[in-house]
Amino acid sequence: MKRKTALLAGMVLACRWGLGVAPVQAAGRAWAPQNCGSEPAAPAVDVSSVERYNASVDKVTAYQKEARAYNSCVVRSAMHEETAISEDAKERIAFVHDSSTAVQKRIAANFEKLTATLKAGNARLQKAAQ
């Protein structure tokens, strides 16, 4: 009886773990990992007899092994893609920042030049007016 209860508890935990695995969707789009194959399907569990229960335990155990391997592949694939996206974003942000800084420097240089020209012109005109 203890074995049956322990196996049932293990199956409940396995089923709960399996509920958290679903294709990621955002705004109607689904992301799929690269080179991981397809997500393994959770097996049907039959507890109508001891024999079927034991067979179900074997199926769930095999599923857990496949699902964990698939999940590990998904995590690796996601991290790889997220890193690539992050690096691209860093490059794009740096480009925008550098371009913005260049504009600010040009405008500041124009202000300095214009201010100096106006000051010199003002001094010359005031001197000529005297």
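**Exercise 1. In which helix is S56 found?**

Solution. The model is a predicted one. Start with the position of the residue: S56 is found in helix α2. Next, find how well S56 is covered. Its relative accessible area is 3%, and buried means under 20%, so S56 is buried. Last, look for the residues around S56. With neighbours within four places in sequence left aside, S56 is in contact with A44, V45 and D46.

**Exercise 2. Describe the overall build of the protein.**

Solution. Begin with the elements: the protein has 2 helices and 2 strands. Then put them in order along the sequence, which gives the pattern α-β-β-α. Helix α2 covers residues 50–129, and strand β2 covers 29–31.

The protein has 130 residues, and 15% of them count as buried. Its accessible surface comes to about 10700 Å². Carbon and sulfur atoms account for 60% of that surface.

Finish with the contacts. Take the contacts with a separation of 6 or more: 69% of them are between residues 24 or more positions apart.

**Exercise 3. Find every disulfide in the structure, and state which parts of the chain are tied together.**

Solution. Step one is the count: a search of the whole structure finds 1 disulfide. Step two is the pair itself. The disulfide is formed by C36 and C73, with 1.9 Å between their sulfur atoms; the cut-off for a disulfide is 2.5 Å. Step three is the location of each partner. C36 lies in the loop between β2 and α2 and C73 lies in helix α2, so the pair ties together parts that are 37 residues apart in sequence.

Step four is the handedness. The torsion about the S-S bond of C36 and C73 is about -90°, and therefore the disulfide is left-handed. Step five is the accessibility. C36 has a relative accessible area of 14% and is buried; C73 is buried as well, with 14%.

**Exercise 4. Examine N35 and P33. Is each of them buried or exposed?**

Solution. First locate the residues. N35 has its place in the loop between β2 and α2, and P33 lies in the loop between β2 and α2 too. Then compare each value with the cut-offs: under 20% is buried and over 50% is exposed. N35 has 78% relative accessibility, so N35 counts as exposed. P33 has 17%, so P33 counts as buried.

Next, check the backbone of N35. Its phi is positive, about 60°, although N35 is not a glycine.

Then list what P33 touches. Not counting residues up to four places away in sequence, P33 touches Y70, V74 and S77. The C-alpha atoms of P33 and N71 are 9.9 Å apart, while the two residues are 38 apart in sequence.

**Exercise 5. Which residues form the salt bridges?**

Solution. The count comes to 2 salt bridges. In one of them, R52 pairs with D46, and the closest N and O atoms are 3.5 Å apart. That distance is inside the cut-off of 4 Å. R52 has 48% relative accessibility and counts as partly exposed. D46 is partly exposed with a relative accessible area of 28%.

The side chains of K90 and E87 also meet in a salt bridge, at 3.5 Å from N to O. Both K90 and E87 lie in helix α2, 3 residues apart, which is about one turn of the helix. E87 has a relative accessible area of 38%, so E87 is partly exposed.

**Exercise 6. Describe the surroundings of T61.**

Solution. Start with the location: T61 is found in helix α2. At 44% relative accessibility, T61 counts as partly exposed. A polar atom of the T61 side chain lies 2.8 Å from the backbone oxygen of V57. Finally, take the spacing between T61 and P43. These residues are 18 apart along the chain, and their C-alpha atoms are separated by 9.9 Å.

**Exercise 7. Which residues make the nonpolar surface patch?**

Solution. The patch is made by V103, I107, F111 and L114. Its area is about 380 Å². Then check its accessibility: at 40%, I107 counts as partly exposed.

Notes. Residues numbered from 1 in each chain as written. Predicted model: local features only at pLDDT ≥ 70, side-chain atom pairs only at ≥ 80, totals over all residues. Heavy atoms only, no water. Patch = residues over 30% accessible without salt bridge, like charges linked within 9 Å, V, L, I, M, F, W, Y side chains within 5 Å. Areas by Shrake-Rupley, 256 points an atom, 1.4 Å probe, with all protein chains shown as cover. Helix = DSSP H or I, 4+ residues; strand = E, 2+ residues; numbered from the N terminus. Buried < 20%, exposed > 50% of the residue type's maximum accessible area, 1.4 Å probe, protein only. Polar contact = N/O pair within 3.5 Å; in protein donor to acceptor, adjacent residues only side chain to side chain. Contact = heavy atoms within 4.5 Å.
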